[in-house]
Amino acid sequence: MVRRASGDGEERYELRDQSGALNVLESERCARRMSFGEMEAKSGISTTAFYAWRSCERSPLLCNAVAIAETFGFRIIMRRKATATDSTISEQ
C-alpha cells in the first residue's frame with residue numbers, strides 16, 4: 001500500500017504484513033474520526049470482515065483490499081514476485 005506523505009516522500013506498507021497494514025488503516029480511520037458505519041458506506045467493507053482480516057482469521061480478496069485502502073487515500077501496487085527464471089532472463 002502506498003500513500004503520498006507530506007513533502008515529496010511516500011508511505012509504504014507491505015500487505016504481506018496483513019495485520020500491520022490493517023492496523024495502519026484502522027489508525028487512519030480513527031485519525032479521520034470516521035465511524036465504522038461511515039467506513040462501511042464508503043468502502044463497501046463490513047466491520048466484521050475488516051476485523052477478521054486485521055486478526056488474520058481471513059485474508060481479503062484483492063478487490064476488497066483495494067476498496068478499503070482507497071477509502072483512506074492509499075493505493076495498492078502489485079509487484080510480481082521475482083523467481084530464479086526472472087533473474088536468469090534479466091542477466092542475458
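The axes of helix α2 (residues 36–43) and α3 come within 9 Å and cross at roughly 95°; axes are lines fitted to C-alpha atoms, for helices over the stretch in contact, and angles run from 0 to 180 degrees between N-to-C directions. Helices here are DSSP runs (H or I, at least four residues), numbered from the N terminus. Helix α2 is therefore roughly perpendicular to α3, a class that covers 65 to 115 degrees, with angles under 35 degrees counted as roughly parallel, over 145 as roughly antiparallel and the rest as oblique. From α2, the residues F36, M39 and E40 make the contact, and from α3, T47, F50 and Y51; contact means heavy atoms within 4.5 Å. By class, this α2 contact with α3 has four nonpolar, one polar and one charged residues. Ala, Val, Leu, Ile, Met, Phe, Trp, Tyr, Cys and Pro count as nonpolar, Asp, Glu, Lys and Arg as charged, and the others, Gly among them, as polar.

The model is predicted: local features need pLDDT of at least 70, side-chain atom pairs count only at pLDDT 80 or more, and totals for chains, interfaces and linings use all residues. Residues are numbered from 1 along each chain as its sequence is written, and side-chain values use heavy atoms, with hydrogens and water left out.

Within α3, the residues T47, A49, F50, A52 and W53 are buried, and the buried residues of this helix pack against α1, α2 and α4. After α3 comes C56, with a positive phi near 65°.

The largest nonpolar core has 15 residues, of which L25, I68, F72 and F74 touch the most other members. Such a core is a set of buried Ala, Val, Leu, Ile, Met, Phe, Trp, Tyr and Cys residues joined through side-chain atoms within 4.5 Å. Two or more residues each come from α1, α3 (47–54) and α4 (62–71), and α1 gives the largest share, four residues.

Beyond four places in sequence, F72 is in contact with R3, L25, E28, R29, R32, M34 and M39.

| Residue | Relative accessible area | Class |
|---|---|---|
| E28 | 15% | buried |
| C30 | 43% | partly exposed |
| C63 | 53% | exposed |

Across the whole structure, zero disulfides are found, a disulfide being a pair of cysteine sulfur atoms within 2.5 Å.

Note on methods: Buried < 20%, exposed > 50% of the residue type's maximum accessible area, 1.4 Å probe, protein only.
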